[in-house]
Amino acid sequence: MNDILDDELNGSFVRPGRDYKGEAIADYTEGSRLLMLQCKEPQDSSVYFIWAFLYIHILIAKNRKEAIKLAWNRDEFRDQLLGWIEDKTEDDRTLATNIVSEMIEEASRAKVSVVLSGNITLGND
């Protein structure tokens with residue numbers, strides 16, 4: 001009985017790894033956010049953001065050090081990104097959009113609200 005309970009509890013806290021069409025996707029972290037910001041400019045379209053976000057997270061999953069180098073070479077990043085999406089379809093973009101939206105939403109839910117100690121009453125009243 002304890003093994004079954006342990007498996008259930010452990011499974012409830014572990015999210016299986018993500019992938020996009022068989023390519024592993026790294027988790028969205030503050031580090032991957034920094035790399036993403038390095039790869040984009042304010043005038044980039046939302047479609048560019050979706051593909052760039054997904055691509056950088058795939059690169060991080062494959063080879064973190066190479067992803068970091070590429071992020072600091074914006075022109076090379078864009079060139080490789082365009083090559084990667086060359087054969088993608090509208091359905092592929094919809095899937096990518098759903099994955100990216102889910103990743104960002106999950107990250108925003110993980111935020112913690114700070115409650116100042118002066119606003120908490122402890123003990124029995």
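Buried here means under 20% relative accessible area, exposed over 50%, and partly exposed in between, with a 1.4 Å probe and protein chains only. Helices (H or I, at least four residues) and strands (E, at least two) are DSSP runs, numbered from the N terminus. The model is predicted: local features need pLDDT of at least 70 and side-chain atom pairs count only at pLDDT 80 or more, whereas totals for chains, interfaces and linings use all residues. Residues are numbered from 1 along each chain as its sequence is written, and side-chain values use heavy atoms, with hydrogens and water left out.

The protein has 6 helices and 2 strands, which follow the pattern α-β-β-α-α-α-α-α along the sequence. Of its 125 residues, 26% are buried. Contact is taken as heavy atoms within 4.5 Å. Among contacts between residues at least 6 apart in sequence, 78% join residues at least 24 apart.

Helix α5 consists of 12 residues and reaches 16 Å from its first C-alpha to its last, close to the 16 Å expected at 1.5 Å a residue. The expected span is 1.5 Å times one less than the number of residues. The buried residues of α5 are Phe77, Leu81 and Trp84. They lie on the same side of α5, because the arc that they cover around the axis is only 60°; the arc is that of the directions from the helix axis to the C-beta atoms. An α-helix has 3.6 residues a turn, so residues three or four places apart point the same way. The exposed residues Asp75, Asp79 and Leu82 are carried on the face of α5 turned away from its buried side.

Helix α3 (residues 46-62) packs against helix α5 (residues 74-85) at an angle of about 95°, with the axes 10 Å apart. Axes are lines fitted to C-alpha atoms, for helices over the stretch in contact, and angles run from 0 to 180 degrees between N-to-C directions. The angle makes α3 roughly perpendicular to α5; angles under 35 degrees count as roughly parallel, over 145 as roughly antiparallel, 65 to 115 as roughly perpendicular and the rest as oblique. From α3, the contact is made by Tyr48, Trp51, Ala52, Leu54, Tyr55, Ile56, Ile58 and Leu59, and from α5 by Phe77, Arg78, Gln80, Leu81, Trp84 and Ile85. These residues divide into 12 nonpolar, 1 polar and 1 charged. Ala, Val, Leu, Ile, Met, Phe, Trp, Tyr, Cys and Pro count as nonpolar, Asp, Glu, Lys and Arg as charged, and the others, Gly among them, as polar.

The axes of α3 and α4 come within 6 Å and cross at roughly 140°, which makes α3 oblique to α4. Here Tyr55, Ile56, Leu59, Ile60 and Lys62 of α3 meet Arg64, Ala67, Leu70 and Ala71 of α4. By class, this contact has 7 nonpolar, no polar and 2 charged residues.

Two residues of α3 were examined individually. Ile60, in helix α3, counts as buried at 16% relative accessibility. Leaving aside neighbours within four places in sequence, Ile60 is in contact with Ala26, Ser32, Leu35 and Ala67. Ile60 and Ala26 are 34 residues apart in sequence, and their C-alpha atoms are 6.0 Å apart in space. His57 also lies in helix α3 and is buried, with a relative accessible area of 0%. With neighbours within four places again left aside, His57 is in contact with Ala24, Ile25, Ala26, Asp27, Tyr28, Ser32 and Met103.
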